[in-house]
Amino acid sequence: MTRGWVVGVAAVLYVGTATTAWTQALPAFTLEGLTNGAWAAIDNAAAKADESGSNAGFVIGADGVLVVDTFENPAAAKKMLEAIREKTKLPVKYVVNTHYHLDHVAGNAVFAGAGAVVMAHENVREWERTENLKFFGEKPTAEQKAMVEGLYLPDVTYEREAMAYIGAKHGVELKYMAGHTGGDTVVYDAESNVVFCGDLFWNKTLPNLIDASTKEWIETLDTLVQDHPTAKFVPGHGDHAGGAGDVKAFRDYLAFLRDAIAKAQAGGAKGDAVVKAVLPEIKAKYGDWAFPEFMEPDIQRTDEELRGVKRLPPVAKK
Ligand SMILES: [Zn+2]
């Protein structure tokens with residue numbers, strides 16, 4: 001998705017050769033070890049090849065591995081599978097997609113090909129091959145269409161929750177929570193006390209609100225902090241796992257945004273005037289967060305939401 005790019009290349013000096021190479025690129029992601037076999041795979045925004053585009057992670061149990069999200073391209077997903085293979089020979093039993101957005105599902109086929117069952121909320125299967133097209137603008141190319149329409153869909157879906165077992169008594173909890181798309185799953189591993197939030201949590205990073213319902217989202221974040229006060233929270237974007245305080249700070253951004261926009265609307269502001277009124281406040285309070293390019297769209301999307309005219313992905317009738 002659109003992001004702020006930082007130019008950076010890790011330099012490696014090859015000694016003993018006729019020429020000196022400074023060309024080693026940054027890896028797509030960095031593994032952050034949490035506790036008890038849980039790992040976060042943190043996106044390197046500065047990587048120039050095989051971009052992961054989002055964070056992911058995995059949990060190693062006694063019987064197998066559960067992977068959370070598969071990045072925005074298969075090459076990065078392959079690297080994660082290799083990284084898992086270096087840590088354990090146990091099978092990758094499950095992949096959980098935290099939501100349908102391209103940057104979290106594009107490597108599904110890599111893990112399915114290695115024998116994993118892909119699990120997700122039912123709306124991920126509903127939206128993955130259709131709603132992802134909007135990220136390519138009004139006129140996606142034939143190649144982009146083919147890519148989206150060829151994405152690997154979840155094999156198993158659920159409406160509210162599921163347990164995925166990676167040990168005799170080691171169940172990882174998958175739970176639908178509202179706010180970011182209407183099809184998001186929070187993955188909680190009690191053994192490690194780690195919550196993989198997908199894009200329900202952006203750590204010191206401005207979020208993509210394209211499909212968001214911020215009122216429900218704030219309630220979700222309050223619940224997460226209440227239920228898991230001592231947990232580590234892996235964000236969908238942001239350069240490290242956070243604690244409850246970081247989740248609360250993100251919750252407060254959404255609440256601030258709603259309040260500031262409601263005030264501007266109450267003062268009679270419409271359209272660009274709402275952006276003009278709120279932008280300086282966001283810059284002052286959140287100017288040091290990543291993805292500043294989301295400031296304006298965040299205002300526009302939330303303005304639409306508060307006016308009751310925001311488009312959300314259509315939910316299939318049962
Ligand atoms: Zn994302």
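Axes are lines fitted to C-alpha atoms, for helices over the stretch in contact, and angles between N-to-C directions run from 0 to 180 degrees. The views below show a predicted model.

**View 1. Helix α6 beside helix α7.** The axes of α6 (residues 214-227) and α7 come within 10 Å and cross at roughly 160°. Angles over 145 degrees count as roughly antiparallel, so α6 is roughly antiparallel to α7. The crossing of this pair is left-handed. From α6, the residues T214, K215, W217, I218, L221, D222 and V225 meet A244, V247, K248, F250, R251, L254, A255 and R258 of α7. By class, this contact comprises 9 nonpolar, 1 polar and 5 charged residues.

**View 2. Helix α7 along its length.** Helix α7 consists of 23 residues, 244-266. At 1.5 Å a residue α7 should span 33 Å, and its end C-alpha atoms are 33 Å apart, which agrees. After α7 comes G268, which has a positive phi, near 95°.

**View 3. Helix α7 against helix α9.** The axes of α7 and α9 (residues 295-307) come within 10 Å, crossing at roughly 65°. This angle makes the two helices roughly perpendicular, and their crossing is right-handed. On the α7 side, Y253, L257, R258, I261, A262 and Q265 take part, meeting D298, I299, T302, D303, E305, L306 and R307 in α9. The contact has 6 nonpolar, 2 polar and 5 charged residues.

**View 4. The annotated span, residues 53-237.** An unreviewed UniProt entry gives these residues the annotation "domain: Metallo-beta-lactamase". In the model, the end C-alpha atoms of residues 53-237 lie 9 Å apart. The span is 28% helix and 27% strand.

Terms used:
Residues are numbered from 1 along each chain as its sequence is written. This is a predicted model: local features need pLDDT of at least 70, side-chain atom pairs count only at pLDDT 80 or more; totals for chains, interfaces and linings use all residues. Side-chain values use heavy atoms; hydrogens and water are left out. Helices (H or I, at least four residues) and strands (E, at least two) are DSSP runs, numbered from the N terminus. The expected span of a helix is 1.5 Å times one less than its number of residues. Angles under 35 degrees count as roughly parallel, over 145 as roughly antiparallel, 65 to 115 as roughly perpendicular and the rest as oblique. A crossing is left-handed if the near helix is turned anticlockwise from the far one by less than a right angle, and right-handed if clockwise. Contact means heavy atoms within 4.5 Å. Ala, Val, Leu, Ile, Met, Phe, Trp, Tyr, Cys and Pro count as nonpolar, Asp, Glu, Lys and Arg as charged, and the others, Gly among them, as polar. UniProt positions are given in the numbering used here, feature names are shortened, and annotations may be inferred rather than shown by experiment.
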